Amino acid sequence: MNSAFARASAACAAAAIALVATPAVTTARTAPSPGPSGPARAVAETGAGLSASAAARRAAESPRPSAAGSDRLTVAPAPAARLSAAAAADCSAIGLTENLSHDPQVTVSWSDTSFGPYRLDRQRDGGTWKTVATGLTGTSFRDTGIDTHGLFGYRLVAADGTPCESVVPLSMSTYDGWGLVEAVTGTYDDGLQAPGAMMLQDEYALADDTTLQGVDPAFSPDGRLVASSVGDGAGHLALAVSNVTTRLRERLVPRSSPAVDALDAEWSPDGTRVAYTEYTADGTSLWVLDVRTGARTVVAGSAGLVQPDWRSASSLVAASAGAAGPLVTIPAAGGTPVPVAGTDGARDPEVEGAALRIWFTTDDGTTSALKVLIPSANNQVVAHHESTSTIYGQIRFSQTADHSTRIFWVEVDTAGTRNDPSDDTFTIVEEPASGTPDATPLGAPRDGNRAFWGFDVRRQLSKGTSQLALDGNSDVLALDSKGGLYTYPVTDTAQLGPRLLTGTGFGIYDAVLVAGDLNGDDTADLLCRDAAGVLWLYPGRGAGKVGARARLGSGWGSYLLVDTGDWNGDGRADLVARDRAGVLWLYPGTGFGGLRARVKIGSSWLSMDSVFGGGDFDLDGTADILAREKATGYLWLYPGNGRGGFRARVKIGNGWGKFTQLTSPELIGVSPVVYAKDATGKVWMFVGTGDGRFDNGATVVVGTGFGTYRIAS
């Protein structure tokens, strides 16, 4: 337990709420050919490129429709919203604002009630205006249950039907995706003498209280779960594991006795175990929880150790409970602790990923220091920062889209009085890979009744069902005729970037799909089926690479596999499959690389010759499925209900029979997309709007020369 976290604190400085501007318009350029190793890529020249608003997009290059019949390719465009300046003049200054939070929800406020009762409309990325509330006589409305992906805005309509002021399109953008929680902060309620609400936030917004409670929180590697210490009602702390998405507690961990405090949770690299400390009046010991089974075991030989972190899947580093003791390493299965030279008095050990550098803090009562042990330099210990007026605390790491590492730590400003915690101020500081430390808004705001106690940040980029490259954008996967599998990252200008070799020898598989993060390590994985019907999982490793395959099961030869992402809303990637009889089955993911017992979710699907996951295509917060009807070429949207079922299907296009392959990644950027390969080897990108339709002005050829390739995303 870090003593700095137990000190009462003043609220951190308020963070600015940003994210109200529409991303800049870019222009797509013709991409160079990658040479003989792969298909040529070309993007049609456009005047405006792909802007954030559908109304601002213009057609780049569209398939030429045939003379007549079902061959004609059509998409259902969303009518552009036009607000007359003259009509809105009477109530154009009512002070309309909106504030995004993590529930997810948006609070829309206004200052003038004289034109009410009002109607509130919402628009998604240039789509149609939809009414979300009527008869509003107050000055605010909370719009709940929305998807924070994409761009959306609001307008208020006066009682006489006059549209009033509209707000600028808003979205939740973070370093590692759209709308994903980046940080969690624990609080302790001084009044209740118990853990308070944990706060979740992204990089650019104030923290929001949640229904989850706890101190000393720690994200799982995929950001889906958070372990924290919660009150037991008797003045002690127990370890709990909760789901960030559903806000539900999944496991409350038993303790050795009621008089035990469980703290210092740290996740194993594969997300299957949590190491933590049990504090008693007689001493301390380390324990390891198996998140899958709930089994917990004491680490033999760990008496007198605290604050564990994982050096590898089988080894821990920990601090000594005694103030002057060094860090030690110890096998997670138990063994003899080995002191780490040069680390006397160390606290808060944190291992920096693959580099295996060990960061820690020291404090001799006069000088506090942030230090790092560097294995590549003969275990040299270097003081990174030192101060006599600031106490350094807990250390965490995360990554940016360019794969550089960011380090975060706690700074406690003692206001010159080390022995008086009443005037201490806590700040979470960030230092990029190259740059100077800077205060962050993480953990702010807090009210005066709660003290700061621990934080964590997401450690990887957003997984996404298609993010094999982990560059923050969607990818297109292509398998050539020789069995070479390549990842083509899609750039910010809608081009296919330089391809990455994912692997060779994949010609033995008759089905290859990007299945999302099935094993819980925050990287998209591959599912491949061989000619014998055996299903294999290839764990993603980032940069387009995959690890050694693992067998998932046999008997899959008769199924059409669909990569749906999280279909049932439990925060885990799932698999949907259609059998020979046309029955659609859901195979819920375990979150640890396995699949649970199947559940029937549909029948009569044989009329569809292409069925694929559409991510959250209609931006309602739940995964969807897209399907092409063989007889008509119609493209249908089957919206998911977030509980493993469907809502009523919607026809979203004609003439899609001309394409040989269709695929769609999980929503990562502003708008959902569908990639379609035609008979000439061109790959088209069709951009969707926020109401489950396509934008005719955002149809782009993103690649050519893919005639002999199979594509997926």
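Figure 1. Residues 24 or more positions apart account for 49% of the contacts in the protein with a separation of 6 or more, a contact being a pair with heavy atoms within 4.5 Å. The model is predicted, so local features need pLDDT of at least 70 and side-chain atom pairs count only at pLDDT 80 or more, while totals for chains, interfaces and linings use all residues. Numbering starts from 1 along each chain as its sequence is written, and side-chain values use heavy atoms, with hydrogens and water left out. Of the 713 residues, 57% are buried, where buried means under 20% relative accessible area, exposed means over 50%, and partly exposed lies in between (1.4 Å probe, protein chains only). The accessible surface comes to about 26,900 Å², and carbon and sulfur atoms hold 52% of that area. These areas come from the Shrake-Rupley method with a 1.4 Å probe, and for residues only the protein chains shown count as cover.

Figure 2. Strand 24 (residues 315–320) and strand 25 (residues 328–331) run antiparallel and are joined by four bridges. Look for A318, whose bridge partner in strand 25 is V328.

**Figure 3. Strands 19 and 20 form a hairpin.** All seven residues of strand 19 (residues 261–267) are buried, seven of seven. Strand 19 pairs with strand 20 (residues 273–280) in the antiparallel sense over five bridges, and L263 has T277 as its bridge partner in strand 20. Five residues lie between the two strands, and G271 in this hairpin takes a positive phi near 75°. As a reminder for reading such views, side chains in a regular strand alternate between the two faces of the sheet.

**Figure 4. D290 is shown with its contacts.** This residue is found in strand 21 (residues 283–290). D290 is buried, with a relative accessible area of 17%. Leaving aside neighbours within four places in sequence, D290 is in contact with T272, R273 and A295.

**Figure 5. G591 sits in a loop.** The loop runs between strand 47 (584–587) and strand 48 (599–602). G591 counts as buried at 5% relative accessibility. Beyond its neighbours within four places in sequence, G591 is in contact with R224, L518, N519, G520 and R572. G591 and R292 are 299 residues apart in sequence, and their C-alpha atoms are 9.2 Å apart in space.

Figure 6. A cis peptide bond, with omega about 0°, joins G116 and P117; P117 has its place in the loop between strand 3 (105–109) and strand 4 (118–124). D216, in strand 15 (residues 215–219), has a phi near 55°, a positive value in a residue other than glycine. D216 is buried, with 7% relative accessible area. S604 also has a positive phi, near 65°, and is found in the loop between strand 48 and strand 49 (608–613). S604 is exposed, with a relative accessible area of 63%.

Key:
Pairing = 2+ DSSP bridges.
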